[in-house]
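Trainee: Please show me how to read a protein model, one feature at a time.
Mentor: Have a look at the model, and then ask.

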Amino acid sequence: MTRIIVVTSGKGGVGKTTCTANLGMALAKMGRQVALVDADFGLRNLDLLLGLENRIVYTAVEVLARECRLEQALVKDKRQPNLVLLPAAQNRTKDAVTPDQMKLLVNALAQKYQYVIIDSPAGIEMGFKNAIAPAKEALIITTPEIASVRDADRVVGLLEAQGVKRIHLIINRIKPAMVRANDMMSVHDVQELLAIPLIGVIPDDERVIVSTNRGEPLVLSESSSLAATAYENIARRLEGETVEFLELDSPSNNIFSRLRRLLWTKII
């Protein structure tokens, strides 16, 4: 059965597109047939992170307008033939596509691919509604900041209302030194706030920026990095493997724990 997964957060800038690119590539490396769908109409970036921006001829909008076949719009990755991208249109607004149309596109992809991973735009407006409409599962991306966690909590409620019950948490850009110094929320703090199963913790890594600028997902790099290992571990957990989490920090009773107790009931 095809896994249809939306990668979302609510807040912008937390690393959704980077996670989508690296998880898709990691699963493709494991031999899975993967289709990545950019649902950010008007502001597409997934093609840039994959280094496929110069090979786009058609987009999802042309497919829906019957100006091309779905297969013509799919961009195959030459480095990893198990992975394809369905790009969004840059010259259209987010309301150019409806949730029902997204379902049609994704269901067509689900006939051939084992994973369909949808990169959701920021916010909870039309683009978000399109992205979650066909999803059966969700990966919530958050950074260890109170604003990001609050937005993630709101998105969890919206997903559950939509009928998406299988939801997992990825905590991105953890800085262990800051956690130890009580200057950043710990993994434990974020887990307590959101109360959804944790599937991955990704450390802050400058090489993520380098790989993004080069259009080469970090999991393709021959040099080892904790972030690349974290992405690969998430892919393995999606496949049902039991994989130990990287030891990046330890639970702390720091200022953020106190902040949670003082403010969280007001926030929600």
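Predicted model: local features only at pLDDT ≥ 70, side-chain atom pairs only at ≥ 80, totals over all residues.

Mentor: Residues are numbered from 1 along each chain as its sequence is written, and side-chain values use heavy atoms, with hydrogens and water left out.

Trainee: How many helices and strands does the protein chain have?

Mentor: Helices (H or I, at least four residues) and strands (E, at least two) are DSSP runs, numbered from the N terminus. Here the protein chain has 12 helices and 8 strands.

Trainee: What does the radius of gyration say about the protein chain?

Mentor: The radius is taken over C-alpha atoms, and the globule rule is 2.2 Å times the number of residues to the power 0.38. For 268 residues a compact globule would have a value near 18 Å, and the protein chain agrees because its radius of gyration is 18 Å. The C-alpha trace spans about 55 × 40 × 35 Å along its principal axes.

Trainee: Why is strand S7 described as largely enclosed?

Mentor: Start with the term: buried means under 20% relative accessible area, exposed over 50%, and partly exposed in between (1.4 Å probe, protein chains only). In S7 (residues 166-174), 7 of the 9 residues are buried, so the strand is largely enclosed by the rest of the structure. Over the protein chain, buried residues make up 54% of the 268 residues.

Trainee: Which residues of S6 are buried on each side?

Mentor: On one side they are Glu 137, Leu 139 and Ile 141, and on the other Ala 138, Ile 140 and Thr 142.

Trainee: Which strand is joined to S6 (residues 137-142) by 6 bridges?

Mentor: Two strands pair if DSSP finds at least two bridges between them. S6 is joined to S7 by 6 bridges, and the two run parallel. Ala 138 stands opposite Ile 167, and Thr 142 has Ile 171 as its bridge partner. S6 also pairs with strand S1 (residues 3-8) in the parallel sense, over 4 bridges, with Thr 8 partnered by Ile 140. S7 in turn pairs with strand S8 (residues 198-203) in the parallel sense over 5 bridges, where Asn 172 stands opposite Ile 202.

Trainee: What unit do S6, helix H7 and S7 make?

Mentor: A crossover is right-handed if, with the strands pointing away from the viewer, the path from the first strand over the helix to the second runs clockwise. S6, H7 (residues 146-162) and S7 make a right-handed β-α-β unit.

Trainee: Which residues lie nearest the centre of the largest pocket?

Mentor: On a 1 Å grid over the protein atoms alone, a cavity is a set of points where a 1.4 Å probe fits but cannot get out, and a pocket is an open set with protein on both sides within 12 Å along at least five of seven lines; lining residues have an atom within 4 Å of a point. Grid points are joined across faces, edges and corners, and a volume is the space filled by probe spheres set on the points. The largest pocket has a volume of about 440 Å³. Its lining has 29 residues, with Gly 15, Lys 16, Thr 17, Thr 18 and Arg 173 nearest the centre. Helix H10 (206-214) gives the most to this lining, with 4 residues.
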